Amino acid sequence: MPLIVLSTPRLLWVRLAALVFTCVAFSVAAHGAWVHNVSMGDWCIFCWAFSFTCTLLVLLVEQFGLQARAPVSWSNFPITIACYATFLCLSASVIFPVFFIKNQRLNDEVRGYRITSTVFSCLATVAYMGEVSLSKARPGEVAGYMATAPGLLKVSQTFVACVIFILVSEPVSYNHHAALKWCMAVYCICFIVSMAVVVMCVGECTGLLPISFPKFLSIYGILAVIMYLSATIIWPVFQFEKQYRYGGQDSKLITVSVLTALNFLLYLADLAYSARLVFVTA
């Protein structure tokens, strides 16, 4: 029997707040902020609109009691959406003022629209963080995998990888040496497998694996840590050492180095949780 998690009044109010904040953010930006046909502006509007749509879907399903009929695991789906929405709104809260407010000559009306979108984006980020905090599993509580620390780490890993993909693709900064291509392979492989884990948990497909899900997580965790450790060492060496240096924007290359190290730590923490799940609970 699938596990159904019912919303508490606090969780309901937090979701309603997130719904209102994201609605205001993208409505104001689309109406009078003049960010049309700009890639970063389109990205920010997508972040707010996607978060709004998914939150509205969650609210409608729960208010009409349709969790059991949903084609996904309702113990995993809402918190997964909330976690991704947190990162999306956070990225929009940083990108929007940097590209559309800082050092921009604007009339008062357009500036007001852009400041309003930024403020409500920040409020939406806080609301989604609150939803994740209220929804995550407590010690000893029976919950879906995505509501546990390893599940939330999986979401973080995939989002960090997406940011890395964006930074290394414009301009392409990994094709001038085989070692850097290996780093790109690490980012892609780990992203695909981590996203597959998320999809399997949300779609309740973990039973299709040829081995038990906890053992799969442990094996994958070990391989991912080793691969990301190699990328954490290789990327800065072949980007910044004089004999290998090819050129590129130093700020982006440094950011990729930092994010690679961050994802290594996330995978290391994930491995620790997965190992505990296998060996301590066995």
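Start by selecting R15 and E131: they form a salt bridge, with their closest N and O atoms 2.9 Å apart. R15 sits in helix α1 and E131 in helix α4, so this pair ties together parts that lie 116 residues apart in sequence. Are these two buried or exposed? Both R15 and E131 are buried. Keep in mind that you're looking at a predicted model.

E62 belongs to helix α2 and R15 to helix α1, so here the parts being tied together are 47 residues apart in sequence. E62 is buried too.

Next, pick D270 and K154, whose side chains meet in a salt bridge at 2.4 Å, N to O. This pair links distant parts of the chain, with D270 in helix α8 and K154 in helix α5. Both are buried.

Time to show helix α1, residues 9-32. Its end C-alpha atoms are 35 Å apart, which agrees with the 34 Å that its 24 residues should span at 1.5 Å a residue. Its buried residues, including L11, F21 and F26, pack against α2, α3 and α4. Just after α1, click W34, which takes a positive phi of about 55°.

F64 is in the loop between α2 and α3, and F64 is exposed, with a relative accessible area of 63%.

Finally, color by pLDDT: the protein averages 88, and confidence is highest in helix α6, at a mean of 96.

Definitions and conventions: Residues are numbered from 1 along each chain as its sequence is written. This is a predicted model: local features need pLDDT of at least 70, side-chain atom pairs count only at pLDDT 80 or more; totals for chains, interfaces and linings use all residues. Side-chain values use heavy atoms; hydrogens and water are left out. pLDDT is the predictor's confidence in each residue, from 0 to 100. Helices (H or I, at least four residues) and strands (E, at least two) are DSSP runs, numbered from the N terminus. The expected span of a helix is 1.5 Å times one less than its number of residues. Buried means under 20% relative accessible area, exposed over 50%, partly exposed in between (1.4 Å probe, protein chains only). Contact means heavy atoms within 4.5 Å. A salt bridge is a side-chain nitrogen of Lys or Arg within 4 Å of a carboxyl oxygen of Asp or Glu.
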